[in-house]
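Subject: Structure handover

Hello,

Here is the structure I said I would pass on. My notes on it follow below.

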Amino acid sequence: MSMAVSPPASERGGFGPIAVMGVSGCGKSSAGERLADYLGCGFIEGDSLHPPSNVRKMRMGTPLEDEDRWPWLDALGNRLAGTGDIVVSCSALKRTYRDRLRSLSGRPMTFVFLQGDRMLLAARMAARKHEYMPLSLLDSQLATLELPTAEPDVVTVDINQSLETIVSMAMALLAARQRRSN
């Protein structure tokens with residue numbers, strides 16, 4: 001198993017906000033926490049900012065609508081504004097959601113899209129205990145997902161590998177992207 005090794009202080013920082021995105025079960029929280037540790041910055045669990053009404057709907061297996069997501073995205077985007085280097089987990093399923101986060105953060109940000117097939121995602125969700133995200137909502141999330149293929153500030157990592165490999169690949173892609181933009 002490969003272990004992500006923290007880069008020297010001279011190579012850390014200055015990247016702005018990073019949103020680890022994807023549907024439920026892709027590993028956003030685990031990868032986001034590990035990425036934040038690796039980069040030596042803060043981490044925000046996006047689900048923790050959902051209003052109680054959203055949590056109730058999801059617990060009942062009711063998919064969220066755009067109207068449900070806007071206040072949550074606004075709260076998350078406002079936390080990203082001026083926070084410095086930070087990693088956040090957020091499904092960011094639609095381009096309009098990602099654009100809202102970009103706008104509210106007020107500065108360039110990067111998205112790490114954790115992509116996997118339905119069978120792998122369902123197996124991961126079935127094997128875990130989540131406070132309010134039942135397996136029954138996976139198909140609605142997959143139907144809502146707009147792949148970020150034409151968005152230049154998105155790097156994509158396949159989740160069919162170990163957490164350490166996912167984070168190492170994300171770091172390599174982020175570093176390459178940062179070199180290209182400098």
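Please keep in mind that this is a predicted model.

Overall picture

The protein chain has 182 residues, and 43% of them count as buried. Its secondary structure consists of seven helices and five strands. In sequence order, these elements run β-α-β-α-α-β-α-β-α-α-β-α, so the pattern begins with a strand and ends with a helix under the DSSP assignment. Taking the contacts between residues at least 6 apart in sequence, 76% join residues that are at least 24 apart.

Helices α1 and α7

Helix α1 covers residues 28-39 and helix α7 covers residues 163-181. The two pack at an angle of about 55°, and their axes are 10 Å apart. The crossing of the two helices is right-handed.

Which residues meet there? On the α1 side they are S30, A31, R34, L35, Y38 and L39. On the α7 side they are L163, E164, I166, V167, M171 and L174. By type, the residues of this contact divide into nine nonpolar, one polar and two charged.

A19 in strand β1

A19 sits in strand β1, which spans residues 17-21. Is A19 buried or exposed? Its relative accessibility is 0%, so A19 counts as buried; the cut-off for buried is under 20%. Apart from neighbours within four places in sequence, A19 is in contact with V88, M109, T110, F111 and V112. A19 can also be placed relative to R102: the two are 83 residues apart in sequence, while their C-alpha atoms are 10.0 Å apart in space.

A92 in a loop

A92 belongs to the loop that links β3 (86-89) to α4 (95-105). What is the phi of A92? The angle is near 45°, which is a positive value in a residue other than glycine. A92 counts as buried, because its relative accessibility is 0%.

Those are the points I have for now.

Regards

Terms used: Residues are numbered from 1 along each chain as its sequence is written. This is a predicted model: local features need pLDDT of at least 70, side-chain atom pairs count only at pLDDT 80 or more; totals for chains, interfaces and linings use all residues. Side-chain values use heavy atoms; hydrogens and water are left out. Helices (H or I, at least four residues) and strands (E, at least two) are DSSP runs, numbered from the N terminus. Buried means under 20% relative accessible area, exposed over 50%, partly exposed in between (1.4 Å probe, protein chains only). Contact means heavy atoms within 4.5 Å. Axes are lines fitted to C-alpha atoms, for helices over the stretch in contact, and angles run from 0 to 180 degrees between N-to-C directions. A crossing is left-handed if the near helix is turned anticlockwise from the far one by less than a right angle, and right-handed if clockwise. Ala, Val, Leu, Ile, Met, Phe, Trp, Tyr, Cys and Pro count as nonpolar, Asp, Glu, Lys and Arg as charged, and the others, Gly among them, as polar.
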